[in-house]
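Hi,

Here is the structure I promised to pass on.

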Amino acid sequence: MNIVLLESLGVTSQTLQSYSKELENLGHTFTAYERTDDTATLIKESADADILMIANMPLSGEVIRACKHLKYINIAFTGVDHVDLKAAEEMGVKVSNASGYSTVAVAELTLAMMLDLLRNVPQIDAACRRGQTKAGLIGGELEGKTVAIFGTGAIGTKVAQLVHAFGARVIAYNGFSSKPDTELITYLPLKELMQEADIVSLHCPVTDQSRGIINKESLSYMKPTAYLINEARGPVVNSQDLADALNNGSIAGAAIDVFETEPPIDVNHPLLHAKNTIVTPHAAFATHESMNKRAHIVFENIHTFLAGKQQNIIL
């Protein structure tokens, strides 16, 4: 099999070589390229691939359809909305992801953002650097707060566990599935959920149900003292509606890690200029530990596929 990696997996060259050498010892070829967004270059690099590996770079139908030998796309990411799955299905190409690699990384940054917002960390940092005090910037505690979660998969559940350990109550949106209440999580309809939440934390994929679910109407149900965190996908939120809510004081603040497009973000994006908003360039998944977990998962995906089976199945 000809295995082609189209972008970095974020691990050391020694780590990558150890995985690739194992495949080469089994008689397969492994080629790694630097990331490019040029379609012609991608087609050339992928032309003879039986297996393509990517992380979060877009993989268009044009590229997929040009790969006449392609059998398997191995995505070193949890979300797969950057890949033309329709084209893969048309071509009979199997697809797997790296589900689970970033659960801890994303959940921990979510918790950090909650605490940063509650304790006004960006503002008191700036005040301290200006030679000022904490005057007017007294913060709040996570203990006793109600945290509302959209999407209670592995990441959402991990966030629920972490905030519960801080003494917060956990509720979740009931519109994505029919999961029953547990000792940890109570499921509620949208309006009631937003009205009760002190913090809304998004951890759902982009689907027809979730796209734009945070909009002018749903934001209007939130308390003016409440915060919103998005570490899911950008299209889950209507950015202009959220920016408006932040700027007019309808909600207290937000922390945003994902946008409609991958970074770098247009410097005129409304959320980059909204009041009391922490922004990060899709960094929640990126820790040294998660990158190593991811590499292990995607190379296990390949070995499983070469053995005639498939894991972490998307298609």
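Predicted model: local features only at pLDDT ≥ 70, side-chain atom pairs only at ≥ 80, totals over all residues.

Throughout these notes, contact means heavy atoms within 4.5 Å. With that in mind, and leaving aside neighbours within four places in sequence, Phe-30 is in contact with Ile-3, Leu-5, Leu-16, Ser-20, Leu-23, Glu-24, Met-53 and Phe-299.

Residues are numbered from 1 along each chain as its sequence is written, and side-chain values use heavy atoms, with hydrogens and water left out.

Back to Phe-30. It is found in strand S2 (strands are DSSP runs of E, at least two residues, and helices are runs of H or I, at least four, numbered from the N terminus). Phe-30 counts as buried because its relative accessibility is 12%; buried means under 20% relative accessible area, exposed over 50% and partly exposed in between, with a 1.4 Å probe and protein chains only. Gln-17 is 13 residues from Phe-30 in sequence, and their C-alpha atoms are 9.7 Å apart.

S2 (residues 29-32) runs parallel to S1 (residues 2-5), and four bridges join them (strands pair if DSSP finds at least two bridges between them). Leu-5 has Ala-32 as its bridge partner in S2. Together with helix H1 (residues 13-25), S1 and S2 make a right-handed β-α-β unit, meaning that with the strands pointing away from you, the path from the first strand over the helix to the second runs clockwise.

Now the wider picture. The domain assignment (automatic or from a database) gives domain 1 (2-101 + 288-307) and domain 2 (103-279). Their C-alpha centres lie 32 Å apart, and the contact takes eight residues from domain 1 and five from domain 2.

What about the nonpolar cores? These are sets of buried Ala, Val, Leu, Ile, Met, Phe, Trp, Tyr and Cys residues joined through side-chain atoms within 4.5 Å. The largest has 69 residues, and Leu-9, Met-53 and Phe-299 are among those with the most contacts inside it. A second, separate core of 33 residues includes Leu-188, Met-194, Val-200 and Leu-228.

Again leaving aside neighbours within four places in sequence, Met-53 has contacts that include Leu-9, Phe-30, Asn-74 and Ile-302.

Cheers
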